[in-house]
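Subject: Structure handover

Hello,

The structure you asked for is below, followed by my notes on it. Please read the notes with the coordinates open.

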Amino acid sequence: MPQSDSKTVAVPGIRDMLARLISLPSISSASASWDHSNEPVVRTLAEWLEALGFAVEILEVPGMPGKFNLIGTLGRGPGGLVLSGHTDTVPFDDKRWQSDPFTLTERDNRWYGLGTCDMKGFFPLAIEAARAFVGEDLKEPLIILATADEESSMDGARALAEAGKPRGRYAVIGEPTSLKPVRMHKGIMMERLKFEGQSGHSSNPALGRNAMEGMHEALSELLMLRSAWQEKYRNPNFEVQFPTLNLGCIHGGDSPNRICAQCELHFDLRPLPGMDMDTLRQTILSKIQPIAKRRELALEFEPLFDGVPPFETPADAALVEACEKLTGHTAHAVAFATEAPWLQKLGMETLVMGPGSIDQAHQPDEFIELSQLEPTVEILRGLIRRFCL
Ligand SMILES: [Zn+2]
């Protein structure tokens, strides 16, 4: 391991670190024309972490060439505290930015740039917090985790959960929450339902099998399920206290005088903590399968993406209590989804808390308030002291 004091000089200050990270495009997107490798960001983080004495492991995400997760560990042994962030950003609308999205720009006591708040800004602050503990005898390790593709598929976090790494005891995901702890969010499911029947002349219904009529019945079943779920599940921690189901788009048929042969629906479901995604899919299937059978329609029902499970950490968890004490805020619920369910799957007590506001995420002229920087470093140091020393 390198001598820490001769190497710490190689690690720049917070502003220079962030300027460097912002200058390295790492957009992730389902659209290939936007999608970038996150390797330059990961290699840069690895360089700084190694200079501070972290043992760094870089893991390629299986089946995703050019996409990497990074696990940096200071100290050794089981347990420990994970400070986690995603390395990717969303795409941007160049014309609506006042300054270059890839150049860190200071104005009005803010740093502007793509990823300043969501969430490259977290890494320099976590590294700055860690710097104070280099050379200390940590009882449990401090782990800095950097993931790939959170904004597009969450495949980075998914791959980590499958690989069983890292194995910390506690995890804080530094998504922008204005430094207020978040211990729950809803899940996200997007599903596709398609009926296929048989076209025919509209003058005689016996000449075909109408997929749109099947869909009409299926829509009724979905709305009844929605009512039933909204009766059964309610959580006052959320602004929208019940699970939602949105009928998003529908396509079917081609002409008024033809029996509709195909009808396809896409809908979105936001389950509350405590609702299991596979059970929900099974319940839906049990309602629409009989329709398909009775009407002799071919049925396709599948997720449009793998989904994000709902997330909840109990109010009395040690990490929740520690973060509430350090910030002075009671842990709450948010409307956006994170990688928390996968870190939880790894056995870690998990919480979401980081600098910057979600209001600036995914927006032109994204920024982080300079007033958030020092408190973030202080809070993270408090957590490291509590869980690693
Ligand atoms: Zn984010």
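The domain bounds used here come from an automatic or database domain assignment. On those bounds, the C-alpha centres of domain 1 and domain 2 lie 38 Å apart. Domain 1 covers 3-185 + 309-388, and domain 2 covers 189-303.

Provenance first. This is a predicted model, in which local features need pLDDT of at least 70 and side-chain atom pairs count only at pLDDT 80 or more, while totals for chains, interfaces and linings use all residues. Residues are numbered from 1 along each chain as its sequence is written, and side-chain values use heavy atoms, with hydrogens and water left out.

Overall: the C-alpha atoms fill a box of roughly 85 × 45 × 40 Å, taken along the principal axes. The protein has 10 helices and 16 strands (DSSP runs numbered from the N terminus: helices are H or I, at least four residues; strands are E, at least two). Of its 389 residues, 51% count as buried, meaning under 20% relative accessible area with a 1.4 Å probe, protein chains only.

The domain interface: about 630 Å² is buried between domain 1 and domain 2, and carbon and sulfur atoms give 70% of that. Buried area is the accessible area (1.4 Å probe) that two parts lose on being put together, summed over both. On the domain 1 side, Met-184, Pro-310 and Ala-333 supply 57% of the area buried against domain 2, more than any other three residues.

Between the two domains the count of salt bridges is zero (side-chain nitrogen of Lys or Arg within 4 Å of a carboxyl oxygen of Asp or Glu). The side of domain 1 that touches domain 2 draws at least two residues from each of β8 (182-185), β13 (311-312) and β14 (332-334). The largest share, three residues, comes from β8.

Why does Ala-322 count as buried? Because its relative accessibility is 10%. Leaving out residues up to four places away in sequence, Ala-322 touches Leu-383, Arg-386 and Phe-387, where contact means heavy atoms within 4.5 Å. Ala-322 and Ile-379 are 57 residues apart in sequence and 9.8 Å apart in space, C-alpha to C-alpha.

Across the protein, residues 24 or more positions apart account for 80% of the contacts with a separation of 6 or more.

Regards

Conventions
Buried means under 20% relative accessible area, exposed over 50%, partly exposed in between (1.4 Å probe, protein chains only).
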